[in-house]
Amino acid sequence: MENGSIPPKTEGLVSRMALNDNKAGMEGLDRDKINKIIMESSKGSKFYENEVKREQQVNQRIEKMMLQKEQITEQHLKKAEAQVARMVVELEKRRDLTRVIVHVDMDAFYAAVEMRDCPELKDKPMAVGSMSMLSTSNYHARKYGVRAAMPGFIAKKLCPNLVIVPTNFDKYRAVSSEIREIFADYDPNFMPMSLDEAYLDFTEHLEKRQSWPDSLRTHHYRASSNPKGDENNELPQETTPDVTDLSPVLFDDSPSSSLCCEDAGSAFEIFGTSVEEAVREMRFRIEQKTLLTASAGIAPNMMLAKVCSDKNKPNGQYRLPSTREAVMEFVCNLPVRKVSGIGKVSEKLLNALGISSCSHLGQKMALLSLLFSETAWHHFLQVSLGLGSAFIPRHEERKSMSTERTFKEMSAAEEQLFLCRELCEDLANDLKKEGLKGKTVTLKLKNVNFEVKTRALTLSYPVATADEIFAAAKDLLKTERDNESPQPLRLRLMGVRISAFVSSDEKQPLQKSIVGFLNPGKAELGPSHKEIPRYQNDQLSGSSKTWPLPCQRSGESEEKTTLEEPQQSFFQRARAKRLQLQAAAASSRQEDSSGISSPLFLDARNCAASDEPDNDGACGASTSTSDGVGLSCPVCFRRVETADLAVFNRHIDQCLSESSAQKPSQHLEEGDGREAKRAELSAEERSTSAETASSVNGNHSKSSSLVCPICLLTQDSDDLILFNRHVDLCLNQGVLHKLQSETRSPINPPSAPNSKALGKGQLHLAQAGKGKTKRRDSPSSPPSKKVKGSCITIDHFFR
């Protein structure tokens, strides 16, 4: 080690924990002295141990990267250079120098607000925050090395006279709202980055500004330097119209923002039409309205504008000309740490490769493309070319919303739950302001060892209230406490985030349900129409209600009904045509066909309007007990005259048991006589089915209109459970016949089932084993095997 330099490990540790003096107001500091104080104050703390651990991880990454570098050959480099060259050509084609992007950053915003409201702090080193962490510091404190994101106790050792003021975010938000009102005059779609920072596109404003008269570009100085709403706090100000006194600048070493004119005792200024004058006018208005100063950067894209805004801080502005030569010259000597997106870890990795400025990035881009991820080296390439986004994103959809809090060590469960509740309430208020609801709740925890953990829970429904969010966050916190048990959970940071946003109004589901498919002539309703079928206990005992059908009230015209009828799907149109054909066939066979109407469009007399909410303008087909209630058995297809579901279920069980009780020996004895009986029963069942369909069509006002999508038969029950059983039997009839065919002789297979009968859904379970007579000398049937594959589902049928 030459010149008494410290070991590499210590040097690396110091470089990680060392002062970052890339912030405005921290030039020319004694870095060695400041870094020594930081190290001495941090040793032995949990923070120090965590930094050592993270430093070791970075060093391991560097070692791995250097080993990878040694394996790179000249051929690899040439190939990478060609790839980089092609990428450069593509990026240069997309370079846009036509936009004028402005980045505005308030000067020491939190500290400036506190100094404005408390003038005695103006000449003292002060910071905003706590002994645990500082949010910002004024320029007096920065001369001692005190900066944001520094623990307050370390800042006190750097500057013993430092005054630490607690944060007051309500006041900062109020001031930020006043500043944003001015931003909106220049770019209504400006993009705020924080309370004190924003991007604006001045392109359209400058076009309009060229034709503005002087009156629109004239602005007056404040009559008084008093802050708004605080008449007792006065900043020192001379009564003479001196230039520096008329501008209430909070920093003595910052230049005055404006030159003034005086007319009849009123000072004012007329600003020009150039972009520099427009930005200076905006800064002037902010200063006169809030007594706070702002710095601005003007450039062709967002990346360069942010760098330029830090060029002449505080209370200054810098413009980068919109030419490629000026951009490349500006980027050439720019330190990589000055660029947004390159932090201390990336800086150390680049320094290990001998890269400290953006010009070095361009020179070693081929090597970087081989050592870094595609996203990383693409970003480095754009930085080396001075490229960035030339268009400010407009109306971006928010992905998440969160709130968190840092505190001293907290291990009591009651305190943690109380804090979690407060965070959930704050988050719920923010969600309410923007009308958002989310399904994913995330809990962020940092323990005393500075280890950060996140635990997320995705709910089946969106939440927005404090109680709903807290219920999920509480469970996540309890799980983490249980994981640490029996040791207490020692925290120093807690945060709650909600994501996976949906609209505040429930969105209508895109997937259609089986209920909507079976509901004839009525499209599924969204959440705004809560017309859901309701089944009551007395449904089968006297007053069953059917699903709403598109019909007209008495007195309404048929034309209106046609207009209000929802668009039907292919299956609905096919079903409607089939039902109309059934009704026509039934009316031709019956003498009283004049009283029969189509099931889709009931007579207006059956659809009398009612003020009861259950009717809701839909036709309700009711069945009276005096007319007789009957249910159709899905096995034997015979009508069971009962309204008791228990009796009906016993009938079905009996039918199934009778069908399965028949043995192969019984089939052999019956012989060829089975065929005649089977044909006779098939004819009888077809007749029964026709009579059932006719009965349904003729007495539609007495029963429901559930139609099986497989056998196309109208059912006589509103009970979805019974209907689903019927559909399952129809779907699996092929499996049932296959099971029954295995008991027959392989020499004389049974005749193919009647496709027409199968299409009608007539399951001949009672005659399943009946077929042609088996030969007496044929060997016995092999034992039946279990059918491979699962049962057919309705989803499979519709595919």
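Author: A nonpolar core is a set of buried Ala, Val, Leu, Ile, Met, Phe, Trp, Tyr and Cys residues joined through side-chain atoms within 4.5 Å. Buried means under 20% relative accessible area, exposed over 50% and partly exposed in between, with a 1.4 Å probe and protein chains only. The model is predicted: local features need pLDDT of at least 70, side-chain atom pairs count only at pLDDT 80 or more, and totals for chains, interfaces and linings use all residues. Residues are numbered from 1 along each chain as its sequence is written, and side-chain values use heavy atoms, with hydrogens and water left out.

Reader: In the largest nonpolar core, which residues touch the most other members?

Author: They are L350, L361, L368 and F372, in a core of 43 residues. Helices (H or I, at least four residues) and strands (E, at least two) are DSSP runs, numbered from the N terminus. Among the elements that give two or more residues to this core are α3 (46-70), α4 (74-93) and α12 (302-309). The largest share, 6 residues, comes from α12.

Reader: Why does this core lie between domain 2 and domain 3?

Author: Domain bounds come from an automatic or database domain assignment. Domain 2 (72-96 + 327-386) and domain 3 (98-221 + 267-322) both contribute residues, so the core lies between them.

Reader: With which residues is F372 in contact, leaving aside its neighbours within four places in sequence?

Author: Contact means heavy atoms within 4.5 Å. For F372 the partners are M65, L349, L350, L353, W377 and F380. A second, separate core of 37 residues includes M115, F183, L206 and V279.

Reader: In what order do the strands of the open sheet stand?

Author: The order is β12-β15-β13-β14, with antiparallel pairing. β12 (400-410) and β14 (452-463) are the edges, each with a single partner strand, so one side of each has no neighbour in the sheet. Between β12 and β15 (residues 491-502) there are 8 bridges, and M410 stands opposite L491.

Definitions and conventions
Two strands pair if DSSP finds at least two bridges between them.
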